[in-house]
Amino acid sequence: MGSLPSPHDPSNAFNPMDVAELSIESRLVMDFITQYYQTLETRPVQPRVKPGFLTGQLPEKAPFHAESMEEILSDVSEKIVPGLTHWQSPNFHAYFPASSSNAGLLGEMLCSGLSVIGFTWNSSPAATELENVVVDWLADMLNLPPSFRFSGGGGGGGVLQSNTCEAVLCTLAAARDKVLERIGDDKINKLVAYCSDQTHFTLHKGAKLIGIRRANIKSIGTRRENGFGLCPNDLRNAITGDLEAGLVPFYLCGTIGTTALGAVDPIKELGKVAREFDLWFHIDAAYGGSACICPEFRHYLDGVELVDSISMNAHKWLLSNLDCCFLWLQNPKCLIQCLAAEAEFLKGSGEMVDYKDWQISLSRRFRAIKMWMVFRRYGVSNLMEHIRSDVSMAARFEEMVSADDRFEIVFPRKFALVCFKLNTKGSVQHGEDDGEDGLDGDSVLTRELMGRVNSSGKAYLSGVEMGRIFFIRCVIGSSLTEERHVDNLWNLIQEKTQSIMPCRA
């Protein structure tokens with residue numbers, strides 16, 4: 001950017017990268033962030049604001065003249081922060097975590113500060129090669145087969161993307177092109193993708209984006225007796241029926257740690273079905289995948305050698321800060337052929353990975369340096385300890401819920417997600433009759449309980465409606481959560497339950 005005269009001092013040229021100013025102002029920002037985290041525990045987890053609260057406080061037009069960093073941070077403190085939902089609060093339990101850490105934050109600073117765009121090896125060799133290294137590091141931590149690693153020698157490898165939505169979309173597109181090359185582009189309306197009724201909506205969104213008919217995105221029902229995992233026999237029956245109808249099955253998505261319940265699909269058994277019918281098999285391990293760096297959870301990956309691709313979000317549980325999604329493939333050539341961007345100015349080395357052909361966009365962030373920072377600063381041992389601590393606190397919370405006969409556990413905990421609801425049987429407020437929206441009486445009271453907990457500002461929980469049942473999801477995952485926060489949450493839930501069911505003390 002060229003130098004522009006400052007409106008305040010015409011004798012000074014405009015320099016947006018004044019390093020002396022950077023040193024001063026970066027300290028101001030870091031001090032602000034530090035103070036934010038020091039006071040985070042005392043803030044209401046959800047904001048107490050109404051729609052339009054912020055737009056009414058801000059000017060209609062951008063400032064013509066420069067403003068000081070002190071003025072800007074003052075407005076952040078007084079106008080922006082009061083309207084935030086505090087995802088890093090130790091009392092945030094509503095969704096799977098967007099985990100943060102000092103190393104993740106400082107890695108983000110390096111990523112933005114160096115500001116390189118490694119779309120080809122030539123455009124920034126170290127960025128590409130560091131990414132090769134960190135995806136292999138995590139593959140090793142997960143004990144993925146050598147066929148998923150650059151170092152494995154079989155042609156496999158991985159890439160860092162923004163999120164699971166991008167990973168699923170890219171693999172769907174690669175699978176589509178692979179099968180259409182065989183049967184012809186005019187048959188696209190016959191392609192069928194499969195998942196369970198617990199699969200994240202990402203699969204449906206991605207499939208529609210690549211041209212799959214809505215009716216050809218098959219969500220197969222799950223059952224409690226199968227742990228709400230996708231039943232291989234049900235999948236085989238669905239595929240057989242579609243083949244008889246003249247359709248072309250091409251893609252299967254399994255999950256390790258579903259959003260609603262934390263359920264896990266049987267990877268090995270599904271993989272055998274996928275191989276039998278030549279389906280691209282992708283595993284969405286966005287949440288549960290991180291836990292598999294711990295040996296005691298690694299059995300959830302049994303059969304991974306049968307899948308074509310697997311993705312997981314490091315920003316959920318591996319302290320990387322948003323955003324960072326790992327995607328590994330046994331045969332990246334299919335992905336590259338689908339997504340390759342060709343132009344003279346984009347030509348790479350021909351010998352090394354050109355990551356522009358592994359993703360949707362051309363530009364890309366230097367996420368690898370952030371993950372490299374996290375892995376080196378904490379080491380595998382501390383990352384495992386972080387996950388085990390969250391799981392331990394979730395197990396403790398589950399025990400407290402189970403010990404209170406006013407509650408029931410809806411689904412046995414697998415990771416750090418506890419699903420529970422009120423159980424009013426035997427009380428005068430019994431839940432036999434249908435309530436609002438066709439929910440049973442217990443579920444109506446459970447929804448009211450969640451609302452009272454959340455409106456207190458002392459914690460934030462989320463809920464799921466399945467049929468006539470509504471239950472509460474409590475996720476333990478914030479980097480700041482300690483046992484005392486879990487105890488405080490349980491005390492708060494008991495207090496609000498007493499206000500709803502006073503005769504069941």
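## Cavities and a pocket in a predicted model

Gly118, Ala127, Thr128, Glu131, Arg364, Arg365 and Phe366 line the second largest cavity. Before going further, please keep in mind that this is a predicted model. The volume of that second largest cavity is about 40 Å³, and its lining splits by class into 2 nonpolar, 2 polar and 3 charged residues.

How many cavities of 30 Å³ or more does the count come to? It comes to 2. The largest cavity holds about 50 Å³ of space. Around the largest cavity sit Trp87, Gln88, Phe92, Tyr95, Pro97, Ala98 and Ser99, together with Val475, Gly477 and Ser478. Its lining has 6 nonpolar and 4 polar residues, and no charged residues.

Now to the open space. The largest pocket has a volume of about 1000 Å³. Its lining is made of 36 residues, and those nearest the centre of the pocket are Ile33, Ser101, Asn102, Leu105 and Asn321. Which helix gives the most to this lining? That is α1, with 9 residues. The elements that each supply at least two residues to the lining of the largest pocket are α1 (19-39), α2 (69-80), α3 (102-114) and α11 (367-402).

| Space | Volume | Lining by class |
|---|---|---|
| Largest pocket | about 1000 Å³ | 21 nonpolar, 13 polar, 2 charged residues |
| Largest cavity | about 50 Å³ | 6 nonpolar, 4 polar, no charged residues |
| Second largest cavity | about 40 Å³ | 2 nonpolar, 2 polar, 3 charged residues |

Let us step back to the chain that holds these spaces. The chain has 13 helices and 11 strands. With a radius of gyration of 25 Å, close to the 23 Å that the globule rule gives for 505 residues, the chain is therefore as compact as a globular protein of that length. Taken along the principal axes, the box filled by its C-alpha atoms is roughly 80 × 60 × 45 Å.

Of the 505 residues, 50% count as buried. Among contacts in the chain with a separation of 6 or more, 73% are between residues 24 or more positions apart.

Note on methods. Residues are numbered from 1 along each chain as its sequence is written. This is a predicted model: local features need pLDDT of at least 70, side-chain atom pairs count only at pLDDT 80 or more; totals for chains, interfaces and linings use all residues. Side-chain values use heavy atoms; hydrogens and water are left out. On a 1 Å grid over the protein atoms alone, a cavity is a set of points where a 1.4 Å probe fits but cannot get out, and a pocket is an open set with protein on both sides within 12 Å along at least five of seven lines; lining residues have an atom within 4 Å of a point. Grid points are joined across faces, edges and corners, and a volume is the space filled by probe spheres set on the points. Ala, Val, Leu, Ile, Met, Phe, Trp, Tyr, Cys and Pro count as nonpolar, Asp, Glu, Lys and Arg as charged, and the others, Gly among them, as polar. Helices (H or I, at least four residues) and strands (E, at least two) are DSSP runs, numbered from the N terminus. The radius of gyration is taken over C-alpha atoms; the globule rule is 2.2 Å times the number of residues to the power 0.38. Buried means under 20% relative accessible area, exposed over 50%, partly exposed in between (1.4 Å probe, protein chains only). Contact means heavy atoms within 4.5 Å.
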